[in-house]
Amino acid sequence: MLFRSWDIGTNPLSPRMLYAYSDNIGAFSSMGGWTPDYYAGGAMGILGPYVLTSGAAGASLIDTTDKGAARELFRYPPVNGSEISTPMDPYFVYRAIVPDPREPFFYGFREQDFVASLRLSGSGVNIETMSQYSDGGKGTCCALSATTFQGQAFVAFRSALRQFAFLGGGRIAQVSEIT
């Protein structure tokens, strides 16, 4: 995953890269060991200057306030400097992430079963709830990607496109399905 800033206003048909965060990868994380496969190979959601990414090991919260020097704020699960192996937490592994357009929440969709409601605060993100996104608790294959459009979340699954409404208080509910 590469974070870049592009000027598209001058000529939308020929965008011009302003900078790439990878130019500053050495100072990106004070925790070390950040790799796209582990922390950015699955999903990405953007809420203001904060980017939540997810990969095979867990999630990473990134602050892009300083446009020339994005930095990792928190990692989930937390890294213990004395561990040799990379800690993993399946509750922070998402295939799709959407931000709430009105409240400080991300919604992380695991591949086949749950959507996590993640509150963004000064201390990072915290899982508020885990809700099944399939009817009757049956597994659903497979969440692929998501976006927010006109105040609704749209999540692509292999077999359908599902529309979710933001209910407030960190809650989200499916309102329709297009197969």
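What follows is a walk through this predicted model, from its salt bridges to a sheet, a surface patch and one glutamate. Local features are reported where pLDDT is at least 70 and side-chain atom pairs count only at pLDDT 80 or more, while totals for chains, interfaces and linings use all residues. Residues are numbered from 1 along each chain as its sequence is written, and side-chain values rest on heavy atoms, with hydrogens and water left out.

Let us begin with the charged pairs. A salt bridge here is a side-chain nitrogen of Lys or Arg within 4 Å of a carboxyl oxygen of Asp or Glu, and that rule gives a count of 6. One of them links aspartate 7 with arginine 16, at 3.5 Å from N to O. To describe how covered such residues are, we call a residue buried under 20% relative accessible area, exposed over 50%, and partly exposed in between, using a 1.4 Å probe and protein chains only. Aspartate 7 has a relative accessibility of 16%, so it counts as buried.

Another salt bridge joins arginine 71 to aspartate 63, with 3.9 Å between the closest N and O atoms.

Strands are DSSP runs of E with at least two residues, numbered from the N terminus, and two strands pair if DSSP finds at least two bridges between them. An open, antiparallel sheet is built from 4 strands in the order 7-8-9-10. Strand 7 (96–99) and strand 10 (124–132) form the edges, each pairing on one side only. On average, neighbouring strands of this sheet are turned by 25° against each other, direction ignored; the axes behind that value are lines fitted to C-alpha atoms, with angles running from 0 to 180 degrees between N-to-C directions.

Inside this sheet, strand 8 (residues 105–109) pairs with strand 9 (residues 114–121) in the antiparallel sense over 5 bridges. Tyrosine 107 stands opposite serine 117, and glycine 108 faces alanine 116. A hairpin of 4 residues carries the chain from strand 8 to strand 9. From strand 9 to strand 10 the hairpin has 2 residues, and these antiparallel strands are joined by 8 bridges. Leucine 120 has valine 125 of strand 10 as its bridge partner.

Next comes the surface. Trp6, Ile8 and Met17 make a nonpolar patch of about 300 Å². Patch members have over 30% relative accessible area and no salt bridge; like charges are joined within 9 Å, and nonpolar side chains (Val, Leu, Ile, Met, Phe, Trp, Tyr) within 5 Å. The areas come from the Shrake-Rupley method with a 1.4 Å probe, and for residues only the protein chains shown count as cover. Methionine 17 belongs to strand 2 (residues 16–20) and is partly exposed at 37%.

Our last stop is glutamate 177, in strand 14 (residues 171–178). Glutamate 177 is partly exposed, at 40%. Leaving aside neighbours within four places in sequence, glutamate 177 is in contact with Ala160, Leu161 and Arg162, where contact means heavy atoms within 4.5 Å. Alanine 156 is 21 residues from glutamate 177 in sequence and 9.9 Å away in space, C-alpha to C-alpha.
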